[in-house]
Amino acid sequence: MPKLTLEELAKVREQARKKTHLREGGEVRAKVTVHMGTCGIAAGARTIMSTLLSEIESRDVRDVQVTNSGCAGLCSREPMITVELAGEAPVKYVDLNPDKMKTIFAEHVLGGKIVAKYALGIGSEKTDFPKE
Amino acid sequence: MPEKHAETAHRLHLMVCAGTACVSNHSFAIKDALEKEIRKHGLENEVLVVTTGCNGFCERGPLLVVQPGNIFYQQLTVKDIPHLVEEHFLKGRPVSRLMYTPPKEKKPVPVLSDIDFFKKQVLIALRNRGLIDPEKIEESIARDGYKAMAKALTEMTPAQIIMEIKQSGLRGRGGAGFPTGLKWEMVRNAVSTNGGGKYLICNGDEGDPGAFMDRSILEADPHSVIEGMVIGAKAVGATEGVLYVRNEYPLAVKRLQIALAQAREYGLLGEDILGTKFSFDIKVHRGAGAFVCGEETALIASIEGRLGEPRPRPPYPAQSGLYGRPTLINNVETWANVPVIIDRGSSWFSSIGTETSKGTKVFSLVGKINNTGLVEVPMGITLREIIYDIGGGIPGGKAFKAVQTGGPSGGCIPADMIDLPIDYESLSQAGSMMGSGGMVVMDEDTCMVDVARYFLSFTKDESCGKCTPCREGTKIMFDILTRICEGRGTEADLELLESLAPSIKDSALCGLGKTAPNPVLTTLRYFRSEYEAHIRDKKCPAHVCRQLNTYTIDEKICLEAGHGCDVCRRNCASDAIRGEKNTAHSINQDKCIKCGVCLDVCKFHAVKVE
């Protein structure tokens, strides 16, 4: 490891923050849930997840939370995701592939506009912490 | 594609506490189990396991905090992990069974920041608590580590640094509360008489029973201490530093050595730091664990390879310290505060706290309290807030009796002073002291004479023996207290204690002897009636001093509940119990040696103590 200069220290800080910003809390713009039941995984949900994570990383987005859930109950339309913008109703997307995922990420998650052609509908089962 | 991102694009970070308390509760086994289950489910590119320093809520360890979301899991066992990984990390359903449920409540509190223990805390010295892996310098840098150092080295003059520390109002966190900026200025202005440079020391010789603040800081965030020291070195013009740590703190020593090596590799320590031409390096000195070595002159003697004994001051270490050179010595927590003051400014720091005591203080909260752990609170917070809001009150529905602050050098503050705001002045007016931050909570079952005796037995053993008042005085006070506890005390003993204690305080050589009488003086001041009960009535009101107890057996309970189970008779060492199976038992007081075994073994509460 070469010795750092002042500028390099700032660079190391920025690089390191990319890896640790998840821990810092703060406002979340959107929550994306990838449905990863056996059916989802078999249909390619893993690729959807890694596409999503790499989009977040390459664009250095720090306020989108990624979570997953089990089977959403509509196994024939997997892979599926649910996009929940802060303060808005969740939207479900079906029959996904990496390209569709990228479009949804750019237009809906970041742009705030629902991609109607890939959407199943508005509304979702609750993925929050159970009440009791 | 996943391979490319294996290093970075995780969606969850699992922050496993690896402070000493959680480690001894097998948190490394939890970490291994987590990693194994995560691999089993193919989540290794999505979920990252991080080991952090002490989270603070030691009572509930081993601990795991899930980020983002700040979900707090506690008292985990390896058995819980497969279920947890499958439910929460694979299926996205947090497991409420493993969350924290406050005493007397039924619903768990999932989010860490909603838990009472954490709510009232303000983190400065512990700012990176639970958020970084202490063995990875990058994680510290991500949390602004070495940013203040860079500022101090490139933008500030030594005078400006000292002015900033002075204006912040920071006072030494090791015990005496000396203004830090003033001390720095003294070292800055001191001229080395033997031609060498100046030294800088971090005092990590934490020896109070029940105190673990410094250990936790060194284990959880060693870089904050190193950074503080480099800033101090620039301010006073020191080129060499020593980190004095007890050898009983192996994890702290290990993490410090890793941190020092990483800082050197990055050029943040050693020659020409950050290309600024300023050079400073630190070595770790492991102490053998003598309490008196926390005293600065004894600590310096110990580093020099001499017997760990204090010497008269002046000259103060600021004039003539390590190897006779001007030496700046501050405590671990003080050093950890320094970077934040430089980074955020003295006016921000001094906005926290009271008129005379600025900032925060870390306390290790132990004893008869529900939430044992490490807390950092703003100065001026009341004892009530610490004990009831953060500490969750006294377990088992018992009454709060007193709190001991400042370790063996401190005093006991009684229950009716529970609204006392905590700062250096209020604690010393109450006869106690801030000390390094030990806080031992006592309930109604505590005998205050016995407590004073316990602390005196500690200081008596730890007295180095160099000066007579401490060597002989602590021994005599201990003997008097022992007499009183055994029912052989007289009224004259109280007078003797009252005249002896102040003269030891006045005449002892160092802080150890000067403060050793404090537990006696405060218990006499606030709990005099307990001393009198021991002396006049030959009774211990809390039933702790067994020699003063009378043990009897309630024959009705013995026969009806226990059917004369005979366990007490078989365990009695002095054949003092009469009776046989299925008959009521009784104690022959002439033979009874008051060992209390019958009380301990009786399952039916038939043995009574008065």
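Analyst: Two strands count as a pair if DSSP finds at least two bridges between them. Helices (H or I, at least four residues) and strands (E, at least two) are DSSP runs, numbered from the N terminus. This is a predicted model, so local features need pLDDT of at least 70 and side-chain atom pairs need 80 or more, while totals for chains, interfaces and linings use all residues. Residues are numbered from 1 along each chain as its sequence is written, and chains are lettered from A and ligands numbered from 1 in the order in which they are written.

User: What makes strand 1 and strand 2 of chain B partners?

Analyst: Six bridges join strand 1 (residues 12-17) to strand 2 of chain B, and the two run parallel. One spot to look at: B:Leu14 faces B:Val49 across the two strands.

User: Which sheet is that, and what makes a strand an edge strand there?

Analyst: The order is 2-1-3-4 in chain B, an open sheet of four strands with mixed pairing. Strand 2 (47-52) and strand 4 (71-73) of chain B each pair on one side only, and that puts them at the edges. Neighbours in this sheet are turned by 20° against each other on average, ignoring direction. Helix 3 (residues 27-40) of chain B packs on the sheet and touches strand 1, strand 2 and strand 3 (64-67) of chain B, with its direction at about 160° to that of strand 1. Angles like this run from 0 to 180 degrees between N-to-C directions, using axes fitted to C-alpha atoms, for helices over the stretch in contact.

User: What about the other open sheet in chain B, with order 7-6-5-8?

Analyst: Four strands again, but here the pairing is parallel. Strand 7 (281-287) and strand 8 (327-331) of chain B are the edges, each pairing on one side only. Strand 5 (residues 198-204) and strand 8 of chain B share five bridges and run parallel, and B:Cys202 sits opposite B:Asn330 of strand 8. Helix 12 (residues 250-265) of chain B packs on this sheet, touching strand 6 (238-246) and strand 7 of chain B, and makes about 165° with strand 7. Helix 14 (residues 332-344) of chain B lies across strand 5 and strand 8, at about 95° to strand 8.

User: Why are helix 8 and helix 14 of chain B called roughly perpendicular?

Analyst: Their axes come within 10 Å and cross at roughly 100°. The classes are under 35 degrees for roughly parallel, over 145 for roughly antiparallel, 65 to 115 for roughly perpendicular, and oblique for the rest. So helix 8 of chain B is roughly perpendicular to helix 14 of chain B.

User: How do you know which residues make that contact between helix 8 and helix 14 of chain B?

Analyst: Contact means that the C-beta atoms of two residues, placed from the backbone, lie within 7 Å. Helix 8 brings B:Ile161, B:Glu164, B:Ile165 and B:Ser168, and helix 14 brings B:Val338, B:Ile341 and B:Ile342. By class that gives five nonpolar, one polar and one charged residues. The nonpolar set is Ala, Val, Leu, Ile, Met, Phe, Trp, Tyr, Cys and Pro, the charged set is Asp, Glu, Lys and Arg, and the others, Gly among them, are polar.

User: Over in chain A, why does A:Val64 count as buried?

Analyst: Buried takes 20 or more other C-beta atoms within 10 Å of the residue's own, exposed means 12 or fewer, and partly exposed is in between, with C-beta atoms placed from the backbone. A:Val64 has 21 such neighbours, so it counts as buried. A:Val64 is found in strand 2 (residues 64-69) of chain A. Beyond four places in sequence, its contacts are A:Arg29, A:Ala30, A:Val32, A:Ile56 and A:Val109. A:Val109 is 45 residues away along the chain, with the two C-alpha atoms 8.1 Å apart.

User: How many residues of each chain take part in the contact between A and B?

Analyst: 32 from chain B and 33 from chain A. On the chain B side, helix 6 (137-142) is among the elements giving two or more residues, and helix 6 gives the most, with four.
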